[in-house]
Amino acid sequence: MKSTKSTKIAYKPVGFALGALSGMIASAVFQQTWKLIEGEGDAPDALDEDRSWRQILLAAAVQGAIFSVVKATVERSGAKATRRVTGAWPA
């Protein structure tokens, strides 16, 4: 089905909320994943001088992949729910 302007407008606050939710979910998933990978609680960031390049780049790659998958999953689910409620796709 086609998107309508009113559906897009109505979806905006939902989209913002889903974005915040996906960030929280992705952060929690990444923290748990990093513990499994390295056995450490805190993942390194680019300015952590006590960590190796390998650790920093691995953490960045894993974090990016997790955030992308969670974001796509949450956004797609929100769009499908919007279509069920309004009958139109929000994008």
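This is a predicted model: local features need pLDDT of at least 70, side-chain atom pairs count only at pLDDT 80 or more; totals for chains, interfaces and linings use all residues.
Is Glu38 buried, partly exposed or exposed? At 21% relative accessibility, Glu38 counts as partly exposed, because that class lies between buried, under 20% relative accessible area, and exposed, over 50%, with a 1.4 Å probe and protein chains only.

Residues are numbered from 1 along each chain as its sequence is written, and side-chain values use heavy atoms, with hydrogens and water left out.

Let me turn to the salt bridges, where a side-chain nitrogen of Lys or Arg lies within 4 Å of a carboxyl oxygen of Asp or Glu; by this rule there are three. In one of them Glu38 pairs with Arg54, the closest N and O atoms being 3.2 Å apart, and this pair links distant parts of the chain, with Arg54 in helix α2 and Glu38 in helix α1, 16 residues apart. Arg54 is exposed, at a relative accessible area of 54%.

Another salt bridge joins Lys71 to Glu75, with 3.5 Å between the closest N and O atoms, and both residues lie in helix α2, four residues apart, about one turn of the helix. Lys71 is partly exposed at 45% relative accessibility, as is Glu75, with a relative accessible area of 36%.

The side chains of Asp48 and Arg51 also meet in a salt bridge, at 3.7 Å from N to O, and Asp48 is partly exposed, with a relative accessible area of 22%.

Terms used. Helices (H or I, at least four residues) and strands (E, at least two) are DSSP runs, numbered from the N terminus.
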